[in-house]
Amino acid sequence: MLGSKHLMLCFDVSSVWQEIRTSTSSMTSVPKPLKFLRPHYGTLKAYYETMGDSDLKKYLADILSVLALTMSAEGERESLKYRLLGSEGDIGSWGHEYVRNLAGEIAQEYAKRQSEEAGIDDLMELVQQIVAFHMKILYEHNAEPEAVDLLMEVEDLDLLIEHADNTNFKRTCLYLTSAAKYLPGPDDLLVLDIAYMIDIKFEEYANALQIALYLDNLQYVKQVFTACDDVLRKKQFCYILGRQGITFELDEEMCADDEERYAMQDIINNAKLSEGYLALARDIEVMEAKSTEDIYKAYLLDGRASAGASVDSARQNLAATFVNAFVNAGFGQDKLMTVPSDAATGGSSGNGLFKNKEHGKASGAASLGMILLWDVDSSLAQIDKYFHSNDNYVIAGALLGVGIVNCSVKNDCDPALALLADYVDKEDPFIRIGAIMGLGVAYAGAQNEQIRGKLMPILGDSKTPLDVVAFTSISLGHMSPNAMFALMDRSEAELQDPLTKILPLGLGLLYLGKQESVEATAEVSKTFNEKIRKYCDITLLSCAYAGSGNVLKVQNLPGNCAQHLEKGENYQGPAVLGIAMVSMAEELGLDMAIRTLEHLLQYGEQNIRRSVPLALALLCISNPKVNVMDTLSRLSHDTDSEVVSAAIISLGLIGAGTNNARIAGMLRNLSSYYYKDATLLFCLKAKAANFSFPKGLDFRQHTLSPRPHPPTLD
């Protein structure tokens with residue numbers, strides 16, 4: 001009698017076990033045996049405890065594990081418990097929802113065991129099965145993110161490399177790189193590291209290179225070049241490195257052929273950048289120089305705007321200099337600076353320079369560097385003649401122009417250093433600033449030890465004028481933390497000078513995008529004079545987390561804007577700009593930051609409102625979003641002239657290089673509206689320069705945006 005009951009029980013359990021396994025994997029149609037068993041869940045659990053070890057007990061454990069999917073009390077993790085006690089069959093046969101629930105319980109159990117320092121081997125065996133199920137069986141249903149999430153919870157992402165194959169690696173890497181933006185450090189770097197290894201495994205070298213650059217790992221960059229055998233693809237990688245301004249030397253291991261290696265090194269060094277740019281311009285027939293009248297389109301303005309333009313001819317000439325430089329940037333010719341003057345006037349080439357006064361002459365001479373951009377071989381001779389001028393402003397502008405010409409171009413002869421080094425120690429502070437800024441622009445990001453050795457003593461010299469120290473700090477921003485000592489050595493009277501604000505920015509540039517690396521310096525900054533302490537701290541954090549999308553940092557920054565400033569404090573402006581800097585690289589964060597800035601406009605004090613337009617421009621630079629254009633258009637008619645100026649400048653920045661017709665119409669209408677205000681009229685004409693470059697080329701050739709197009713890993 002007992003034997004027959006045992007046989008019947010075995011048959012019933014086996015039948016239910018089989019019925020549940022063969023039901024639909026989505027669990028949309030719940031098997032009838034499972035429905036009938038739910039009320040008896042407690043009874044089955046009690047009976048299970050009385051059973052001896054046998055295959056039947058394992059089958060019952062499997063059934064209880066599935067029943068626990070809906071019957072288990074919260075936090076008990078009974079589905080996982082009985083799964084570990086059950087049979088070791090195919091986990092996927094119980095359905096996708098069952099596997100998903102099991103993954104959640106594994107994550108909870110793993111955290112508990114880690115805190116108790118208990119063993120996790122049985123859990124990891126189950127993780128292996130679940131990951132294989134998601135990656136291999138459900139790949140048609142895009143289940144890779146669930147496998148990645150589980151492995152993140154159990155801190156074993158290396159398993160992905162083993163389970164990735166040709167059918168799922170692209171979606172896996174896409175999810176890893178997207179998820180990295182929302183993870184705290186160092187987890188974000190670990191996730192990107194795994195994505196890099198998967199891309200290398202499946203020869204997706206371009207994606208691997210992007211990740212390597214984001215990780216700032218030149219060893220990974222070398223590995224990409226070594227692993228890739230296609231010369232044409234390697235040249236594409238060189239163009240990516242050149243676009244990012246990376247200093248990188250190829251060796252024989254990365255490219256065995258000497259001729260090919262030299263050609264690729266020239267691409268990385270941007271040695272042929274001007275040649276390629278001009279070839280493109282000739283192909284699309286836009287080589288003819290444009291004049292400022294072509295940009296202003298004065299015939300579209302009413303008469304009063306044209307009359308108002310002559311109120312301040314010096315500013316008009318300076319604005320024309322900027323417009324001319326930007327619209328003809330890189331083309332090597334224009335109608336203002338490079339055209340020979342009439343011989344009858346006895347003038348010299350570039351007579352447009354002498355239509356300006358003092359600082360305007362410096363801008364004019366420097367604009368020649370913009371027109372001759374990247375053409376190092378032939379342009380220096382055209383700028384050199386200004387070094388012999390008797391006007392210090394012209395010399396300073398020429399020095400800066402040399403730096404602009406050499407921007408992003410690396411040359412073994414180092415012409416910028418050879419020409420500018422001697423002027424760094426001149427007595428005239430304006431000439432020194434021109435030389436220092438020229439070196440900073442020419443060697444930005446190069447970490448050149450010669451430049452560091454030349455400029456660092458300036459920061460340590462207490463007799464150096466504050467303006468020279470400030471611009472030296474900016475030039476050394478990518479190389480040296482000595483701006484910190486310059487801040488410590490300044491008197492209270494000097495800390496009141498607006499130029500002092502440049503020193504924290506120079507220090508912040510050193511940690512641009514370095515995130516946690518700034519913490520030690522941020523702690524030291526808390527010992528600074530109270531007048532600069534908070535300003536420096538916010539500037540450092542904003543630069544360090546720029547483009548990271550770090551939610552916690554973005555949440556902290558608006559809190560600074562809610563405080564009422566005491567006399568002498570001025571840290572709220574950097575806090576507003578910091579929101580934009582941290583959020584700018586990620587689309588969802590960008591939209592949220594725009595909403596935050598809208599709230600600051602409504603409820604913030606006046607000094608905050610003055611910073612909001614510039615923050616909006618940072619978020620959407622060279623990317624004119626309609627809602628941002630509407631906001632800036634509204635602010636351009638504000639009662640505060642500083643808000644209006646910031647809005648006009650921001651309109652030019654968001655439209656830079658896009659030739660957006662709506663922004664062009666806004667700027668023309670504002671020119672008519674503010675025809676009596678010389679300052680605002682100057683801003684409008686100068687912003688036409690940003691808006692109009694480059695002439696006729698795709699805006700990706702010239703853009704003010706720090707992000708690649710389309711944005712990937714920034």
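User: Quick one to start. Are α31 and α33 roughly parallel or antiparallel to each other?
Analyst: Helices α31 and α33 are roughly parallel to each other. This is a predicted model. The axes cross at roughly 10 degrees and come within 9 Å.

User: Why give an angle and a distance for two packed helices?
Analyst: The angle between the axes and the distance between them are what describe two packed helices.

User: Where are these two helices, and which residues make the contact?
Analyst: Helix α31 covers residues 530-544, and helix α33 covers residues 572-583. From α31, the contact uses Tyr-535, Ile-538, Thr-539, Ser-542 and Cys-543. From α33, it uses Pro-574, Ala-575, Gly-578, Met-581 and Val-582.

User: How many of those are nonpolar, polar or charged?
Analyst: Seven are nonpolar and three are polar. The contact of α31 with α33 has no charged residues.

User: Take Cys-536. How far is its sulfur from the closest cysteine sulfur?
Analyst: The distance is 9.8 Å, to the sulfur of Cys-543. That is too far for a bond. The cut-off for a disulfide is 2.5 Å.

User: Is Cys-536 buried or exposed? And what about Cys-407?
Analyst: Cys-536 is buried, at 0% relative accessibility. Cys-407 counts as partly exposed, at 25%.

User: Switching to α37 and α39. At what angle do the axes cross?
Analyst: They cross at roughly 0 degrees and come within 11 Å. Helices α37 and α39 are therefore roughly parallel to each other. Helix α37 spans residues 626-635, and α39 spans residues 661-673.

User: Which residues meet there?
Analyst: Helix α37 brings Val-626, Met-629, Asp-630 and Ser-633. Helix α39 brings Arg-662, Ile-663 and Met-666. By class, the contact of α37 with α39 has four nonpolar, one polar and two charged residues.

User: What about Ile-654? Which helix is it in, and is it buried or exposed?
Analyst: Ile-654 lies in helix α38, residues 641-654. It is buried, with a relative accessible area of 0%.

User: Which residues does Ile-654 touch?
Analyst: Leaving out residues up to four places away in sequence, Ile-654 touches several, including Leu-616, Cys-620, Pro-624, Leu-632, Met-629 and Ile-663. Met-629 and Ile-663 also take part in the contact of α37 with α39.

User: How far apart are the C-alpha atoms of Ile-654 and Pro-624?
Analyst: They are separated by 5.1 Å. Along the chain, the two residues are 30 residues apart.

User: Next, α10. Which residues are buried?
Analyst: Helix α10 is residues 169-179, and Phe-169, Thr-172, Cys-173, Leu-176, Thr-177 and Ala-179 are the buried ones. Their arc around the axis is only 165 degrees, which puts them on the same side of α10.

User: What does the face turned away from the buried side carry?
Analyst: That face of α10 carries the exposed residues Lys-170 and Leu-174.

User: Where do they sit?
Analyst: Glu-203 is in the loop between α11 and α12. Asn-270 is in the loop between α15 and α16, and it is buried, with a relative accessible area of 8%.

Definitions and conventions:
Residues are numbered from 1 along each chain as its sequence is written. This is a predicted model: local features need pLDDT of at least 70, side-chain atom pairs count only at pLDDT 80 or more; totals for chains, interfaces and linings use all residues. Side-chain values use heavy atoms; hydrogens and water are left out. Buried means under 20% relative accessible area, exposed over 50%, partly exposed in between (1.4 Å probe, protein chains only). Helices (H or I, at least four residues) and strands (E, at least two) are DSSP runs, numbered from the N terminus. The arc is that of the directions from the helix axis to the C-beta atoms. Axes are lines fitted to C-alpha atoms, for helices over the stretch in contact, and angles run from 0 to 180 degrees between N-to-C directions. Angles under 35 degrees count as roughly parallel, over 145 as roughly antiparallel, 65 to 115 as roughly perpendicular and the rest as oblique. Contact means heavy atoms within 4.5 Å. Ala, Val, Leu, Ile, Met, Phe, Trp, Tyr, Cys and Pro count as nonpolar, Asp, Glu, Lys and Arg as charged, and the others, Gly among them, as polar.
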